[in-house]
Amino acid sequence: MGLTASSPVVLEGENLTMRFGGLVAMAEVAFTLKRGEILGIIGPNGAGKSTLLNIITGIYIPSSGEVRLEGERLNGVPAHKIVARGIARTFQSSRLFGDLSVLDNVIIGRHTHTKAGVFDAIFRRGRAKAELDAAAAHAETLLKSVSRGLHEQRHRPAGELAQADRRRLEIARALATDPKVLLLDEPSSGMDDADTDALMDDIRAVCAQRPDLALMIIEHDMRLVASLPHRVMVLDYGQKLADGPYEEIRKIPRVQEAYLGRKAAQHAGA
Amino acid sequence: MAESLALPRDTSNPVVSALTVIAVQLAGALFLRQFLLIDDWRLVIGLLLLFGAALVLMERVPSLEARVEAAFARHSRLALLLGIAIVLAFPFVLEGNTYALHLCVISMLYAVLALALNFQLGSANIPNFATGASYGIGAYASALLALNFGVSFWLALPVAAVVATIFGFLLGIPSMRTRDSYLALVTIAFGVVIHQLLNNLEFTGGPNGLVGIPAPELFGHSFASPLVIFGQELPSQANFYYLSALLVLISIVFARRLHDSRVGLAWNALRTDELAARCQGINVTWYKVLAFAVDAFLAGFAGTIYAFYVGFISPDNFTFLVSVTIMTMVIAGGMDNILGVIVGAFLLTLLPEKLRAFSDYRILFFGVTVIVFLMIRPQGLFPQRLRRYGH
């Protein structure tokens, strides 16, 4: 299980271009993501990393090119339907429902797997309640599997959580949608080394439990990029600069320049 | 999953907590009775100070509030039955005071309107300034049916609610292209348009409104005649008292069931963060339009009862100011808290009536009172609570 050479492609992008008026935020980017694969995306600020995530999740509609999930075109599908098809995400600046409990946040992640509407809620309460209780039970199990500490805090308002737990909760909430592809936007931002290590362990555990889940991680923390992804894609000025294993990527001068600074890069090259 | 309570567990003696429930409910009913019956302004101020003191106590000693809350959670059935008994018995202790009964009816209709708006403002944070307009649409729709086609109250009630809901959808759809302050502007415009239409259309009676709306009848008993129960004669307002109480009960059931459902969660999600809500698979546009429709549905009900209660409606009953008042009730009472919204509706309906002694300074005093209460409890009198599961 997990990633093998014959794993099928689950998500792919082709010629993705995104223009905002005259500004080209992304130009002809192509990528593939295989089942069970972890793809890291790096690049300096403004390179188009978040734009790519927003295109995949339907928040932006690309000016040209297309995104396909298991061969089906996603362009123009509204964001909330893309979630139902199996793409979940987290946000760089955590966007939890801060005034709701931790558990409620995860239950909201079950939205696409529950059906009760206004009519059911009022006139078929038993059915609606059973469905929601099942979602709550599912959410509890999920929280426990992602992080015991988080599970113990499940009745606290999400807004009161510490930074590291907020990230874990965002991941748990995204996992509650039962995704095929999970997109993490800078999961370690604002964390110290110890928190980042714990986060990496949690992500590994999540992947071990779900060998078919494909992950795309935008990251700046090179320790994470070096150890977690199978493959790394480099974006720069909205274009794809490179795509390969970390060992190859790190030798590219432009990457060294971006992450180590120009002088250090020259030094490393010499 | 009994241990997964969000609230502190009530570990005290069950008898003590049951008595707490009974005492709190009776005290609340007694307070309302005295507040309705007294005329002397000094006593009014005294009662308001008492209410303020209770709020300060709740704010200063959260454990006390938590204890009362736990007692109610534990004895929810007792609380419900006693609550119903108090509501049923209440008209008998008002000494046949028709004005007090009238204020109860109006307060309850406003409670329904505030609960309706709470779906939007409280649950989903949609600033809808058109609840007064939906109220008016319900009132006019049912009155026109009764006057022109002889439709009975009981049939006009659901039809008017459906008409108001359709208008709610019509308002909801253009509103979805805007948000925040701009959304508020669209709803204000809608309210003004409805008011102007009612004022200028021929068939709505123009500024004179509609007169002579017949009182409802039930099993041959006209709602315009006194109500006799167990040999006790109650003024005719008592008919509408019980009718509005039933509507409040229905609204509470609606509100609770929706709040505790997937729909309520989706509304809460989009209230905090629309983008994050979309990325959990929530169709934000649909849920917002739905909130407009539910709001209009309940407001339409309230409008029908109002029209048949007073028998005469004019556009001035449904102005922009009515919408603002309803909004204040929700904010002051406590967003997304059913009890808070109802208390807010009663307080804001009764206060201006009880402050008549101050004549010219009435509205000023009213404003100051609301501000003071909100300074004591900035989150509203009864703030929002976290949900619990598995019970």
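**Note on the A–B interface and the domains of chain A**

1. Start with the chain pairing. Chain A and chain B bury about 3500 Å² between them, and carbon and sulfur atoms give 64% of that area. The model is a predicted one. The contact involves 42 residues of chain A and 37 residues of chain B.

2. Next, the polar side of this interface. The rule finds 2 salt bridges across the interface of chain A and chain B. The side chains of B:D273 and A:R95 meet in a salt bridge, at 2.7 Å from N to O. Polar contacts link 9 residue pairs across the interface of chain A and chain B, with both partners at pLDDT 80 or more.

3. Which elements of chain A give two or more residues to the side that touches chain B? They are helix 2, helix 3 (102–109), helix 4 (118–123) and helix 5 (125–146). Helix 5 of chain A gives the most, with 7 residues. By residue class, the side of chain A that touches chain B divides into 18 nonpolar, 11 polar and 13 charged.

4. Now look inside chain A. The chain is divided into domain 1 (9–95 + 174–241) and domain 2 (97–160). The centres of domain 1 and domain 2 of chain A, taken over C-alpha atoms, are 26 Å apart. In the contact between them, 12 residues of domain 1 of chain A meet 10 residues of domain 2 of chain A.

5. How much area is buried between domain 1 and domain 2 of chain A? The figure is about 790 Å², with 55% of it from carbon and sulfur atoms. Three residues stand out on the domain 1 side. A:A176, A:T177 and A:D178 supply 47% of the area that domain 1 of chain A buries against domain 2 of chain A, more than any other three residues.

6. A:D178 also has a charged partner. Its side chain meets that of A:R110 in a salt bridge, at 3.2 Å from N to O. Across the interface of domain 1 and domain 2 of chain A, the rule finds 1 salt bridge. The rule also finds 4 residue pairs in polar contact there, both residues of each pair at pLDDT 80 or more.

7. Helix 2 (79–85) and helix 8 (193–209) of chain A each supply at least two residues of the side of domain 1 that touches domain 2. That side of domain 1 divides into 5 nonpolar, 3 polar and 4 charged residues. Helix 2 of chain A is also among the elements that give two or more residues to the side touching chain B.

8. Take B:T349 first. This residue is in helix 14 (residues 338–354) of chain B. Is B:T349 buried or exposed? B:T349 counts as buried, because its relative accessibility is 9% and the cut-off for buried is under 20%. The side chain of B:T349 reaches the backbone oxygen of B:A345 at 2.5 Å. Leaving aside neighbours within four places in sequence, B:T349 is in contact with B:I106, B:S107, B:Y110 and B:M329.

9. B:R388 comes next. This arginine is in the segment after helix 15 (362–376) of chain B. B:R388 is partly exposed, with a relative accessible area of 34%. From B:R388 to B:A114 the count is 274 residues in sequence and 24 Å in space, C-alpha to C-alpha.

Key:
Residues numbered from 1 in each chain as written. Chains lettered and ligands numbered in written order. Predicted model: local features only at pLDDT ≥ 70, side-chain atom pairs only at ≥ 80, totals over all residues. Heavy atoms only, no water. Helix = DSSP H or I, 4+ residues; strand = E, 2+ residues; numbered from the N terminus. Buried < 20%, exposed > 50% of the residue type's maximum accessible area, 1.4 Å probe, protein only. Domains from an automatic or database assignment. Contact = heavy atoms within 4.5 Å. Buried area = accessible area lost by both parts, 1.4 Å probe. Salt bridge = Lys/Arg side-chain N within 4 Å of Asp/Glu carboxyl O. Polar contact = N/O pair within 3.5 Å; in protein donor to acceptor, adjacent residues only side chain to side chain. Nonpolar A, V, L, I, M, F, W, Y, C, P; charged D, E, K, R; others polar.
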